[in-house]
Amino acid sequence: MRHYEGLFFLDPVMDEQKLKETVKSIEDLIKQSKGTVEKIEEWGKKRLQYSIKGKKDALSYLLYFSIPQDVLAALRKVWQLKENILRFSIFKTGEQKNG
């Protein structure tokens, strides 16, 4: 498995319940793909440099997780289709570990 950082920009007009469900769905998808979530940081509401899907602000979350390298492409496709995820970026951060 490899270590990754995922920066997610979520729709800021969601209510608190929908926001928790969206973050939980991201976390659950990683776990269902035989991965682990080490840490989730909420960065709060940020002003975007340019609008994304008509939104000028976004809620930012940083996730540190490990996942098998071969399932990452499938996760990206699922996250791209999620309505409440405006944008995301995934970065490889660590060495591959066995297990």
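How many bridges pair β1 and β4, and in which sense? β1 and β4 pair over seven bridges, in the antiparallel sense. The model is predicted, so local features need pLDDT of at least 70 and side-chain atom pairs count only at pLDDT 80 or more, while totals for chains, interfaces and linings use all residues. Residues are numbered from 1 along each chain as its sequence is written, and side-chain values use heavy atoms, with hydrogens and water left out.

**View 1. Four strands make an open sheet.**
The strand order is β2-β3-β1-β4, and the pairing is antiparallel. Strands (E, at least two residues) and helices (H or I, at least four) are DSSP runs, numbered from the N terminus. Two strands pair if DSSP finds at least two bridges between them. β2 (36–52) and β4 are the edge strands, each pairing on one side only. From one strand to the next, the twist averages 20°. Axes here are lines fitted to C-alpha atoms, for helices over the stretch in contact; angles run from 0 to 180 degrees between N-to-C directions.

**View 2. Bridges join the neighbouring strands.**
β1 and β3 run antiparallel and are joined by nine bridges. F8 has Y61 in β3 as its bridge partner. L7 has S89 in β4. β2 and β3 pair over 11 bridges, again in the antiparallel sense.

Contact means heavy atoms within 4.5 Å.

**View 3. The largest nonpolar core has 21 residues.**
A nonpolar core is a set of buried Ala, Val, Leu, Ile, Met, Phe, Trp, Tyr and Cys residues joined through side-chain atoms within 4.5 Å. Buried means under 20% relative accessible area, exposed over 50%, and partly exposed in between (1.4 Å probe, protein chains only). F8, L10, I26, I30, F65, W79 and I90 have the most contacts inside this core. β1, α1 (16–32), β3 (55–67), α2 (72–81) and β4 (85–92) each supply at least two of its residues. A second, separate core has seven residues, including F9, L48, I52 and L86. Look next at I26: leaving out residues up to four places away in sequence, I26 touches F8, L10, L63, W79 and I85.

**View 4. Five residues form one aromatic cluster.**
The members are Y4, F8, F65, W79 and F88. Rings of Phe, Tyr and Trp (its six-membered ring) pair if their centres lie within 6.5 Å; planes under 30 degrees apart count as stacked, over 60 as edge-to-face and the rest as tilted. By this rule there are five aromatic pairs. One of them, F8 with F88, is stacked: 5.8 Å centre to centre, with 20° between the planes. F8 lies in strand β1 and F88 in strand β4, so this pair ties together parts 80 residues apart in sequence. W79 and F88 have ring centres 5.7 Å apart and planes at 75°, so their pair is edge-to-face. F8 counts as buried because its relative accessibility is 0%. F88, at 13%, also counts as buried.

**View 5. R2 and E27 are buried.**
R2 sits in strand β1 (residues 2–10). Its relative accessibility is 16%, so R2 counts as buried. The side chain of R2 makes a polar contact with the side chain of Q69, at 3.1 Å. A polar contact is a pair of N or O atoms within 3.5 Å; within protein, one must be able to donate a hydrogen and the other to accept it, and residues adjacent in sequence count only if both atoms are side-chain atoms. E27 belongs to helix α1. At 18% relative accessibility, E27 counts as buried. E27 touches V37 and I40, not counting residues up to four places away in sequence.

**View 6. K34 and K53 have positive phi.**
K34 is not a glycine, yet its phi is about 65°. K34 lies in the loop between α1 and β2. At 69% relative accessibility, K34 counts as exposed. K53 takes a phi near 55° in the hairpin of β2 and β3, which has two residues between the strands. K53 counts as exposed, at 53% relative accessibility.
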